[in-house]
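The following note collects points for a colleague who has the coordinates open. Please read each point against the model.

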Amino acid sequence: MKYTALIMAGGKGERFWPKSRKNMPKQFLSLTNDGRTMIQLTVERIKDLVSFEDIYISTNKDYKKLVMEQLPQIPEENILCEPVGRNTAPCIGLGAVHISNKYDDAIMIVLPSDHLITYNAMFINTLKDAIDVASEDGALLTIGIMPDYPETGYGYIKFQPEKVNKRAFAVEKFVEKPDREKAREYLDSEQYLWNSGMFIWKISSILNNFKKHLPNMYNGLMNIKDSLGCENEDFVLEKEFRNFESESIDYGILEKAENIYVVSGTFGWDDVGSWLAVE
């Protein structure tokens, strides 16, 4: 089955002031000493798994030029410009319909554009483990990060301790960012992982879940899909996307769906939420 990727790059540059600003959010900055920007690093680390022609970038329409400048290897038609920010569910849905318009079905890897990962080979192996499980009908995969201290800035995933196979655990529930005491409880229980915001599934699986759990959004996404390549494509995208509720994929689908699994990752991950994280 074809492997594809959607990289979410719509952030507005609010957490890294003064270096990161509205016209230059952090995904387009180099925060490490190798000169490559965060979005360039994200594409670089998956290039041996997903071809450039199957990598899609979802971003704010104001950042299309930046994406094209920093990622000239990505086809222009793969740069998906959201008319307005509507959180991760519409973002992922838009990517899914574009990929489904190209392939009958495919594996879809969803990645934020602004994470740092130290051990790329281990990261790719973790993705491959998740892909194996996601290839099963209906399975939705997320990657959880093994916590090593009681972090209060991340959401958590509680998993069932018995593996469903050699690679993944069934997800019991997603939980919001805890206070310090609750985060310590999660760490001590050894049954929680940090929620990385990375997902793997088949296009058919995620669209079926949109249809079941977010039917109004699903109908709008299908209208967008029907317009792709037509003269009214931009008009339909603008109309439908603005009508979407602002909804996260976690709340809109993952907390309600069945067949949710997590693969634990230990590959030197940080979501770089502050200057302290960069240090």
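1. Leaving aside residues up to four places away in sequence, Phe267 touches Ile117, Thr118, Tyr119, Met122, Phe123, Thr126, Ile143, Ile145 and Met198, where contact means heavy atoms within 4.5 Å. Met122 lies 145 residues from Phe267 in sequence, yet their C-alpha atoms are 5.6 Å apart. The loop that holds Phe267 runs between strand S10 (260–265) and strand S11 (269–270). With a relative accessibility of 1%, Phe267 counts as buried (under 20% relative accessible area; exposed is over 50%, partly exposed in between; 1.4 Å probe, protein chains only).

2. The model is predicted: local features need pLDDT of at least 70, side-chain atom pairs count only at pLDDT 80 or more, and totals for chains, interfaces and linings use all residues. Residues are numbered from 1 along each chain as its sequence is written, and side-chain values use heavy atoms, with hydrogens and water left out. Helices (H or I, at least four residues) and strands (E, at least two) are DSSP runs numbered from the N terminus.

3. Helix H3 (residues 88–102) and helix H7 (residues 215–227) have axes that come within 10 Å and cross at roughly 40°. Axes are lines fitted to C-alpha atoms, for helices over the stretch in contact, with angles from 0 to 180 degrees between N-to-C directions. That angle makes H3 oblique to H7; under 35 degrees counts as roughly parallel, over 145 as roughly antiparallel, 65 to 115 as roughly perpendicular and the rest as oblique. H3 contributes Ala89, Pro90, Gly93, Leu94, Val97, Ser100 and Asn101 to the contact, and H7 contributes Met217, Leu221, Met222, Ile224 and Lys225.

4. Within H7, the buried residues are Met217, Tyr218, Gly220, Leu221, Met222, Ile224 and Ser227. Their cover includes H3, helix H6 (203–213) and helix H8 (233–243). The 13 residues of H7 should span 18 Å at 1.5 Å a residue, and the end C-alpha atoms are 19 Å apart, which agrees; the expected span is 1.5 Å times one less than the number of residues. Just after H7, Gly229 has a positive phi of about 85°.

5. How do H3 and H8 lie relative to each other? Their axes come within 12 Å and cross at roughly 150°, and the two helices are therefore roughly antiparallel. Pro90, Cys91, Leu94 and His98 of H3 meet Glu233, Leu237 and Phe241 of H8.
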